[in-house]
Amino acid sequence: TGVDLTIKVKTRTGAVHRGLGTGGTDLALQADLIRSLGPVIGFGHLGYRWTGDVPGFAPYRNPWYGELGACRQVVPNGDVGVMLDVRNPIGRLGAVAETTVFAAWRHGGYRTQVYVTRGFAPASPQWALGLSLRTRL
């Protein structure tokens, strides 16, 4: 079992009028949990975000957000998994609710992941495809 407590600070670098962030400085407090359940690894987090407001725009709500998922190793150095992400509404677009299916491979100090996401709420994308590469220093 693993537990992490995280504080996130997002500075106001995005242009709010282009939909690139809130335009304010956001602060989030998050607790992560991961646990081995036999051949499956369960994971999730729960957090609360204080969303920065921008002069001239309606104030944002401060949302709760969370994730719950599981993955399983299917080949050496490779897993598949699924996760559900949710967030309370922060503004006019509403809540976020989306499910992601992913496959990941570890090679050396790297991890490559491909994923497909399906959104079920107004502020979620209908569909998203992605590829990520991660390394630890």
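Is aspartate 26 buried or exposed? At 4% relative accessibility, aspartate 26 counts as buried. Buried means under 20% relative accessible area, exposed over 50%, and partly exposed in between (1.4 Å probe, protein chains only). This is a predicted model: local features need pLDDT of at least 70, side-chain atom pairs count only at pLDDT 80 or more, and totals for chains, interfaces and linings use all residues. Residues are numbered from 1 along each chain as its sequence is written, and side-chain values use heavy atoms, with hydrogens and water left out.

**Overall build**

- The protein has 0 helices and 8 strands.
- Its order along the sequence is β-β-β-β-β-β-β-β.
- Helices (H or I, at least four residues) and strands (E, at least two) are DSSP runs, numbered from the N terminus.
- The C-alpha trace spans about 55 × 30 × 30 Å along its principal axes.
- Of the 137 residues in the protein, 32% are buried.

**Salt bridges**

- The protein has 4 salt bridges, each a side-chain nitrogen of Lys or Arg within 4 Å of a carboxyl oxygen of Asp or Glu.
- Lysine 10 and aspartate 26 form one of them, at 3.8 Å from N to O.
- That pair links distant parts of the chain: lysine 10 is in strand β1 and aspartate 26 in strand β2, 16 residues apart.
- Lysine 10 is partly exposed, at 33% relative accessible area.
- Lys10, Asp26 and Arg49 are linked in a network of salt bridges.
- Aspartate 79 meets arginine 106 in a salt bridge of 3.0 Å, N to O.
- Aspartate 79 lies in strand β5 and arginine 106 in strand β6, so this pair ties together parts that are 27 residues apart in sequence.
- Aspartate 79 is buried, with a relative accessible area of 10%, while arginine 106 is partly exposed at 32% relative accessibility.
- Aspartate 79 also meets arginine 111 in a salt bridge, at 3.9 Å from N to O.
- Arginine 111 lies in strand β7 and aspartate 79 in strand β5, so the pair ties together parts that are 32 residues apart in sequence.
- Arginine 111 is buried, with a relative accessible area of 18%.

**Largest pocket**

- The largest pocket holds about 720 Å³ of space.
- A pocket is an open set of points on a 1 Å grid over the protein atoms alone, where a 1.4 Å probe fits, with protein on both sides within 12 Å along at least five of seven lines; lining residues have an atom within 4 Å of a point.
- The volume is the space filled by probe spheres set on the points, which are joined across faces, edges and corners.
- The lining has 23 residues, of which Ile34, Phe43, Cys71, Arg111 and Arg134 lie nearest the centre of the pocket.
- Elements giving two or more residues to this lining include β1 (2-10), β4 (64-75) and β8 (127-135).
- By class, the lining has 8 nonpolar, 6 polar and 9 charged residues.

**Nonpolar surface patch**

- Val74, Val75, Val80, Trp105, Val114 and Leu131 make a nonpolar surface patch of about 520 Å².
- Patch residues have over 30% relative accessible area and no salt bridge; nonpolar side chains (Val, Leu, Ile, Met, Phe, Trp, Tyr) are joined within 5 Å, like charges within 9 Å.
- Accessible areas come from the Shrake-Rupley method with a 1.4 Å probe.
- Tryptophan 105 lies in strand β6 and is partly exposed, at 39% relative accessible area.
- Leucine 131 lies in strand β8 and counts as exposed at 64% relative accessibility.

Conventions:
Nonpolar A, V, L, I, M, F, W, Y, C, P; charged D, E, K, R; others polar.
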